[in-house]
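Hello,

Here is the structure I promised to pass on to you. Please open it beside this email and follow along as you read.

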Amino acid sequence: MSRRLLVLSDLHLGRDCNAITGFSDATRPHREFDQAFVDLLARYTEGREGEWRLIFAGDFIDFVEVVVVPDEGGPNALFLSFEVSNEERKYGLGSEAERAVVKLERTMEYHRVFFEALARFVRRGGELVLMRGNHDAEMYWTKVQRVFRRVLADHAFPRATEDVDDYLRARSEFQARVSFCPWCYVEPGRIYIEHGHQYDPYCAFDSQLVPTSPRNPHRIDMPLFMFAMRYFVNLMTDFGHHEVQKWSARDYVTWIQRSGVGAFVYAGRMAVGAAGRALVHAARLAGDRGGVDASEHENRLAAEARRQGVEAEALAQVDALRHTPIIRNLPELLRLLYMDRIILGLVAILLSLFVILAIESPGIQLAALVGVGFVSYRVNKAMEPRRFLLPAPKQVQAAEEIARIMKVPVVVMGHSHLRGVVDLGEGRSYVNTGCWLPPLPGQDHVDANAPCTCKLSHLVVEEQAELRIFCKVTCGVRTSDERMLASVRDVTEEHDVLVAH
């Protein structure tokens, strides 16, 4: 009999333990967040852990937003296997395996209550599957996986009270129940799960199976979102990127008034620096269109198909649905960075100057200037749809194809942070599990008698797959009756390039 599945996505653990700046004034209630997960896990699995498989469907530990720099003069300095660079002192550790281990250990200690509950679940027979998203691609490193298993086992077996052989056997069996999924989780005929960032050119990797840099195989590759996070968002204390995506011009003006001109100049300097680094990186990759070695990707794809028990051809078809990273598409990158709008403005100014200098008649001159303005306005409006950077519609499109190719009734993703269900027809559905970030906007309720506004969504798969909401105040569960935005397909048709968190 198949295990029951409990699926969560986008917890972004660690984004609230930055040691430099960023979210140092975290909006997440640390103890409440960890306790909510403990209560959720207990509600479903306590006393019958062996019946359940817990799946974290990507962006579990947020290596991108964990900004830490080890104290090179501290007591743990002798254990460092690398030298901290000047850039890392300013922006936090990089993505190499040794540096990712430091971030991992810091996060697991910071959320100790969370991981102690996770360890109890696995020790009592539960299975844990960790899938890779765009914020935790560092889980690719074997060393990071080993450390995760070791630290979790240390929580599960704090003291060796039994016979040494029994202790070692129990610890080995424990670690065998913790598995790492490099891309997708498939139960043929039952369910297909992946994070979903590969359909988002802002966050996609050349190869999800080999997410390393083509210029340095010891580092994780850098999609465009990583430049934005590392060199801009992580350095801003009151500029949460999940909120900014919904800001209007008035919101930016309000932020400037609240923060002051100095903060505006600082933010502008950081934004220009992040954009400049991304452009330089894209220019360096311009002559290397191949990215990750194709043969290595194909070998890993075939191995993944064997591991999942699916046809290699079917998995290859799903892999072909992924988007080319925008960092490898210089024209689209320039468009995303508003360079096309800047160029349009300069052209309009030059044309206006030409009209003023070349035409003497005031009437004709005025008409020509109005014409330049009108044409510039229309061109700008024509370019505008490509700047609505929403991930959900592209994921729905991909889910329709995946359900057909893999012949499964349920396709599950996270990434967009927009929970809901879409009917794909023919008895198939797409489920987005949402996220466990702090509520945006507003705060969760604290009164048990108040209407539940908790947003702790999760998917439970037993006889059927059901998207549910956990109430951290009452520890109750309600079925999510929310559907994806009804206009999601209309948005797909209107905007061709849709990008994500």
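**Around tyrosine 192**

Leaving out its neighbours within four places in sequence, tyrosine 192 is in contact with Trp183, Cys184, Tyr185, Val186, Tyr199, Val318, Ile402, Met406, Val408, Val410, Val411 and Val412. Please keep in mind that this is a predicted model.

Where does Tyr192 belong? It is part of the largest nonpolar core, which has 101 residues. Within that core, Phe60, Leu118, Phe148 and Tyr192 touch the most other members. Another core lies apart from it and has 17 residues, including Leu5, Cys181, Ile191 and Val461. As background, nonpolar side chains tend to be buried together in soluble globular proteins.

Next, have a look at helix H7 (residues 224-231) and helix H10 (residues 261-285). Their axes come within 9 Å and cross at roughly 145 degrees, and the crossing of H7 past H10 is right-handed. On the H7 side, the contact is made by Leu224, Phe227 and Tyr231, while H10 supplies Met270, Ala274, Arg277, Ala278 and His281. Sorted by type, the residues of this contact are 6 nonpolar, 1 polar and 1 charged.

**Cysteines**

How many disulfides does a search of the whole structure find? The count is 0. Are cysteine 203 and cysteine 435 buried or exposed? Cysteine 203 counts as buried because its relative accessibility is 0%, under the 20% cut-off. Cysteine 435 has 14% relative accessibility, so it counts as buried too.

Enjoy exploring, and write back with any questions!

Best wishes

How values were computed: Residues are numbered from 1 along each chain as its sequence is written. This is a predicted model: local features need pLDDT of at least 70, side-chain atom pairs count only at pLDDT 80 or more; totals for chains, interfaces and linings use all residues. Side-chain values use heavy atoms; hydrogens and water are left out. Axes are lines fitted to C-alpha atoms, for helices over the stretch in contact, and angles run from 0 to 180 degrees between N-to-C directions. Helices (H or I, at least four residues) and strands (E, at least two) are DSSP runs, numbered from the N terminus. A crossing is left-handed if the near helix is turned anticlockwise from the far one by less than a right angle, and right-handed if clockwise. Contact means heavy atoms within 4.5 Å. Ala, Val, Leu, Ile, Met, Phe, Trp, Tyr, Cys and Pro count as nonpolar, Asp, Glu, Lys and Arg as charged, and the others, Gly among them, as polar. A nonpolar core is a set of buried Ala, Val, Leu, Ile, Met, Phe, Trp, Tyr and Cys residues joined through side-chain atoms within 4.5 Å. Buried means under 20% relative accessible area, exposed over 50%, partly exposed in between (1.4 Å probe, protein chains only). A disulfide is a pair of cysteine sulfur atoms within 2.5 Å.
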